[in-house]
Amino acid sequence: MTEPGRLVLAATPMGEIGDASQRLRDALGAADVIAAEDTRRTRSLAKALGVEITGRVVSFYDHVEAARIPALLAEIADGRTVLLVTDAGMPSVSDPGYRLVAACAERDLPVTCLPGPSAVTTALALSALPVERFCFDGFAPRKQGARREWLGTLRTEPRACVFFEAPHRLADCLADAVAVLGPDRRAAVCRELTKTYEEVVRGTLGELAAWAADGARGEITVVLAGAAPVSLDPADLVDEVEARVAAGIRLKDACADLAAETGAPRRALYDAVLAARRADAPGWPGGMRESPGRRMIGT
């Protein structure tokens with residue numbers, strides 16, 4: 001019985017050719033099959049590294065990924081080594097790869113990884129933000145409605161969040177972040193990491209939105225600071241509830257959502273909002289509670 005080969009995931013340089021590891025050089029020269037996001041860029045990389053590719057090179061990008069998997073699995077099952085590389089950084093991280101890895105795992109075919117450059121960890125290190133805990137959200141949603149909804153999930157997220165953004169959408173994305181998260185949340189925009197024109201701009205969301213309004217170029221990675229700890233005192237959460245109500249969410253739903261996010265008691269939070277409304281409305285007698293026949297706006 002033929003011993004299976006293996007799938008090798010290999011991180012490639014994001015821009016600085018010197019970041020290529022010796023293991024990547026060896027793998028490019030020894031692999032039986034190289035599955036590449038862009039075959040031309042992979043051949044150019046090998047040439048720049050002084051490596052002669054002896055194996056077969058096949059394309060492996062988003063639109064052909066599913067169709068290529070059966071043949072690659074057959075190569076591995078027959079004892080050959082398949083090297084998977086993307087244009088830059090680590091395969092499977094917002095790049096093709098995870099479907100092939102999952103298919104190998106399902107069939108008990110060996111998979112290994114050659115670690116190396118990653119825009120995610122590089123941006124985290126350069127951000128000058130607390131990043132002991134972080135989440136990675138891939139690319140920000142393209143459409144404003146979906147983008148604002150996604151940003152809303154980060155209002156109380158205590159971990160730093162890393163995401164990618166296209167340069168022509170960066171200004172709109174940061175403007176939406178200001179609208180949803182406020183102008184004072186800190187962040188860092190990392191541009192062209194490891195390349196000649198590398199730039200890291202740090203500041204508040206308000207400052208970064210103003211900077212990006214004139215346009216930006218290159219590969220963009222954004223690091224957003226985690227949210228400050230939220231008080232569990234319902235009275236301190238009233239403004240956040242009212243902000244959500246103003247955005248179109250029913251009062252009871254806003255209270256339930258925020259209670260789930262913060263751990264504050266839902267009923268106590270609802271009562272705190274009603275109490276604050278009564279205090280702000282002279283026409284409401286002190287101590288008066290909402291009656292079944294009188295529904296307050298936004299409930």
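**Ground rules.** I am reading a predicted model, in which local features need pLDDT of at least 70, side-chain atom pairs count only at pLDDT 80 or more, and totals for chains, interfaces and linings use all residues. I number residues from 1 along each chain as its sequence is written, and side-chain values use heavy atoms, with hydrogens and water left out.

**Entry 1: helix α10.** I started with α10, which covers residues 251–262 and has 12 residues. Helices here are DSSP runs of H or I of at least four residues, and strands are runs of E of at least two, both numbered from the N terminus. From first C-alpha to last, α10 reaches 16 Å, close to the 16 Å expected at 1.5 Å a residue; that expected span is 1.5 Å times one less than the number of residues.

Next I asked which residues of α10 are buried. I found L251, A254, C255, L258, A259 and T262, with buried meaning under 20% relative accessible area (1.4 Å probe, protein chains only). They sit on the same side of α10 because they cover an arc of only 130 degrees around the axis, taken from the directions from the helix axis to the C-beta atoms. An α-helix has 3.6 residues a turn, so residues three or four places apart point the same way. The cover over these buried residues includes α9 (238–246) and α11 (266–280).

**Entry 2: the cavity.** The structure holds 1 cavity of 30 Å³ or more, and the largest cavity has about 40 Å³ of space. Its lining has 9 nonpolar, no polar and no charged residues; L151, F163 and C173 are among them. Helix α7 (170–181) gives the largest share, 3 residues.

**Entry 3: the pocket.** I then turned to the largest pocket, with about 700 Å³ of space. A pocket is an open set of points with protein on both sides within 12 Å along at least five of seven lines. Of its 28 lining residues, A88, D95, F139, F164 and E219 lie nearest the centre.

**Entry 4: D38.** Finally I found D38 in the loop between β2 (33–36) and α2 (39–48). Is D38 buried or exposed? D38 counts as buried, because its relative accessibility is 18%.

Terms used:
Buried means under 20% relative accessible area, exposed over 50%, partly exposed in between (1.4 Å probe, protein chains only). Contact means heavy atoms within 4.5 Å. On a 1 Å grid over the protein atoms alone, a cavity is a set of points where a 1.4 Å probe fits but cannot get out, and a pocket is an open set with protein on both sides within 12 Å along at least five of seven lines; lining residues have an atom within 4 Å of a point. Grid points are joined across faces, edges and corners, and a volume is the space filled by probe spheres set on the points. Ala, Val, Leu, Ile, Met, Phe, Trp, Tyr, Cys and Pro count as nonpolar, Asp, Glu, Lys and Arg as charged, and the others, Gly among them, as polar.
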